[in-house]
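Subject: Structure for your review

Dear colleague,

Please find the structure below, together with its sequence. My notes on what was found in it follow.

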Amino acid sequence: MKLKKTFVLGAVMAGLLGSGLATANEEQFIGLPSYRVGPYAAGGSGLFGGWIDYMQLVNERDGGVNGVKLTWEECETEYNNARGVECYERLKKKGSTGNSVFQPVSTGITYSVLDKVAQDKIPMVTIGYGRTDAADGRIFPWVFPMITTYWSQASAIVNYIGTKEGGMDKLKGKKIGLLYHDSAYGKESHAIMDKLAAKHGFEVIKIAVAHPGNEQQSQWLQIRQAKPDYVVLWGWGVMNPTAIKAAAKTGFPREKLIGVWWSGAEEDTIPAGPAAKGFIAAGFNVAGANYPVVADIKKHVYGKSKGNMEDKTRVGSVYYNRGVVHGIITVEAIRKAQEKYGKGKALTGEQVRWGFENLNLDDARLKALGATGFMPPLKITCADHEGPGKVKFQQWDGNQWKVITDWVESDRPLVRGMIEESAAAYAKEKGIKPRDCSKES
Amino acid sequence: MLYREAGQFKATYAEDSQIFPIRQDKIGFWLLMLVFGVAVPLLTNEYWLKAILIPVLIFSLAAIGLNILTGYAGQLSLGSAAFMAVGAFAAYNFILRIEGMPFLLALVLAGLTAAAVGILFGLPSLRIKGFYLAVATLAAQFFIVWALVKFPWFSNNSSSGVVTAQDVTILGYTFVSPEAKYVLTFLIVSFMALLAKNMVRSSTGRAWMAVRDMDVAAQVIGFRLMRTKLLAFAVSSFYCGVAGALYAYTYIGTVEPEGFNLDLSFKILFMIIIGGVGSIMGSFLGAAFIVLLPIFLDNVVPAIFGDALGAGFVSNFQLIVFGGLIIFFLIVEPHGLARLWQIAKEKLRLWPFPH
């Protein structure tokens, strides 16, 4: 009797569970390899906070992507490659269709999972970091270094300096200092700067700063002796405020100190205090909370106390907005892929990859998203996984970042040539046959 | 009751000097080998193999390397990660530049390269001791990583200094699946661990321990200090080098010099401190502890506190718990987990009649 009862109860339970599953909405899982502790926590907490808030916004305001709710799970990487690989493996099978996209926000982790994403058929999106030559989609079908790469950025910075000087021909004979983080990340700038220097006839003075870079006396002495016209700050973490402060001390005008996008956040300027006033930095997203998309997040997400940021004043900061860009790109790729593989369905990583490859965020789409001017228009193709390669320049006015230019283009033919050359060398080393893009649909 | 050596007599010297003199230990050892060598790759999934077991094995090997140097020979070193880097990049270059280089030979050559570098950086140990030596090995840590970034030849002119490991092929078989890679790592690590165990029981190991306990006395009774210390550096670096090559080839697949930074050296040092200084078994326990506990906490803590507290707090809380547990274990047993295991064995011998 008791046994029978148990069976009946079990059957009822199973039935309930089964029907519950059948009526549940489709869900799209996104694994987030975040870092909220360690040396880069300041960037990580802002970026992943913005990204989560945007996905929360899509769930709250629109009820998901065509009815498919977004779900996510964070996995702490501590910006460490081994932990990143563990997170990648842990997250890849989660959710009903597995992880849709992997965005490590760490160049080291990007390299560590580069081969694995192709085997597991999960697209990897690296916005503004990672392997530059992966922009050649024929050789790296699974990797998307979107919006812009380090090489495009270096080229855009030189173009910006050119326009400031009144024309690219005015660069001849100028000296540009390159104060770089002595690591793989910093050295990424060398090849492109050398090429640009040869093309435009300026001189590059490369000055290395050893990690972490909280001591730059000798470097700035060198700068004072060489008297460069501009200094490009290719820094990361504590190196940035130190460099800004050292520039003020040596009397180098901050208006001629130009940071890259990992040097141009509130976390870099506020610690430098008043010395940072006038400092200029590139960015593929801008700071500011008065864009409609951020206003919507405040209304729909923070209005319902579902926001991810503990410090709400950081909403609208550079890193936070960068996270929103990650969110927009992820959600739009899923939306695009649903057009092909069925609206209102949960998609596999392979299907989402198609969405990334056919992503087209034109002005009209950006306007609809409330992100006009927030990020550059973006069009990805089979061959070109990078997109526009444009950046805006912002200047720190002592309290906040002010946008001072429109989107500045890079030297596309030069950068693309370098990308293809480097990717071809990789393909040769690994024995990869490039895809024929005319056959892709 | 079950764990008792009564009735097991040793009639020859060979029997007396085996690694596992007690029959139960021997059975236990072979059971363990069977479980981890056969059952685990058959039964567990990709996640466990790729993300947990392979790194534990590789870090165990690195910890054995450091344990030989620090635990047995008494030379404090903070350069283990750098020697791993030497091994990883050496294996990459041997396979890249020599046509038809067999993987296992490349692994040995990588170890030998690391050993040569280790001897070089071990030279100061002849004059300086203790913490001062640790500072000297710190130089190795920074110099090697710097050199690998500085000279593009090491990374085959890759613009970012990152290299991608080639496929692992032995006798025409390519190790691709996580199971195959795990078994390969397992075989290499257990072979080298056994080798290390025998080495530290032999005259070489005894020389190391003599030098560790009092180098002047060791010199007086006839050990050649230079030879002994440099041999310890060489063997230790060899182990770290092989571990580094395995890290590149069977685990991560792509390596960058910054991956082998001071943090990793400290991590390996913590492994042997937690596991047990001067114990091969402790190297395994320590590596498992340091690799697994953060992952375990990352799974458990958010599940319990995730909704109530912010994500940032949860991440920091894990580190607090991790640190707290390390302190707890060190207070409970300053000689490491291996010592706990030893105590358990002694208790078990007397059980169930402790008096």
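Helices (H or I, at least four residues) and strands (E, at least two) are taken as DSSP runs, numbered from the N terminus. This is a predicted model, in which local features need pLDDT of at least 70 and side-chain atom pairs count only at pLDDT 80 or more, whereas totals for chains, interfaces and linings use all residues. Residues are numbered from 1 along each chain as its sequence is written, and chains are lettered from A and ligands numbered from 1 in the order in which they are written.

Overall form of the chains

Chain B contains 14 helices and four strands. Its radius of gyration is 21 Å, close to the 20 Å that the globule rule gives for 355 residues, so chain B is as compact as a globular protein of that length. Here the radius of gyration is taken over C-alpha atoms, and the globule rule is 2.2 Å times the number of residues to the power 0.38. The C-alpha trace of chain B spans about 70 × 65 × 45 Å along its principal axes.

Chain A has 15 helices and 13 strands. For its 441 residues the globule rule gives 22 Å, and the radius of gyration of chain A, 23 Å, is close to that value, so this chain too is as compact as a globular protein of its length. Along the principal axes, the C-alpha atoms of chain A fill a box of roughly 95 × 50 × 40 Å.

A residue is called buried if 20 or more other C-beta atoms lie within 10 Å of its own, exposed if 12 or fewer, and partly exposed in between, with C-beta atoms placed from the backbone. Buried residues make up 56% of the 441 residues in chain A and 46% of the 355 residues in chain B.

Two residues are in contact if their C-beta atoms, placed from the backbone, lie within 7 Å. Among contacts in chain A between residues at least 6 apart in sequence, 70% join residues at least 24 apart. In chain B, residues 24 or more positions apart account for 76% of the contacts with a separation of 6 or more.

Domains of chain A

Chain A is divided into domain 1 (27–148 + 288–379) and domain 2 (151–283 + 394–412), with bounds that come from an automatic or database domain assignment. The centres of the two domains, taken over C-alpha atoms, are separated by 28 Å. Twelve residues of domain 1 are in contact with 15 residues of domain 2. On the domain 1 side, helix H2 (41–62) and helix H12 (318–341) of chain A each supply at least two residues. That side divides into six nonpolar, six polar and no charged residues. In this count Ala, Val, Leu, Ile, Met, Phe, Trp, Tyr, Cys and Pro are nonpolar, Asp, Glu, Lys and Arg are charged, and the others, Gly among them, are polar.

Contact between the chains

The contact takes 27 residues from chain A and 25 residues from chain B. Among the elements giving two or more residues to the chain A side are strand E2 (69–76) and helix H4 (107–120), while H3(A) gives the most, with six residues. The chain A side comprises eight nonpolar, seven polar and twelve charged residues.

The largest nonpolar core

A nonpolar core is a set of buried Ala, Val, Leu, Ile, Met, Phe, Trp, Tyr and Cys residues joined through C-beta atoms within 7 Å. Of the 233 residues in the largest one, Leu61(B), Ala85(B) and Ala91(B) touch the most other members. Helix H10 (residues 225–252) of chain B contributes the largest share, 17 residues. The core also draws at least three residues from each of domain 1 and domain 2 of chain A. Leaving aside neighbours within four places in sequence, Ala85(B) is in contact with residues including Ile144(B), Leu148(B) and Phe260(B).

Individual features of chain A

In helix H11 (residues 292–302) of chain A, the buried residues are Val293(A), Val294(A), Ile297(A) and Val301(A). They cover an arc of only 95° around the axis, which puts them on the same side of H11(A); the arc is that of the directions from the helix axis to the C-beta atoms. These buried residues pack against H2, H12 and helix H14 (363–369) of chain A.

Tyr79(A), in the loop between E2 and H3 of chain A, has a positive phi near 60°. Ile147(A), in the loop between strand E4 (143–144) and helix H5 (150–165) of chain A, has a positive phi of about 65°. Tyr79(A) is buried, with 22 other C-beta atoms within 10 Å, and Ile147(A) is buried with 25.

With kind regards
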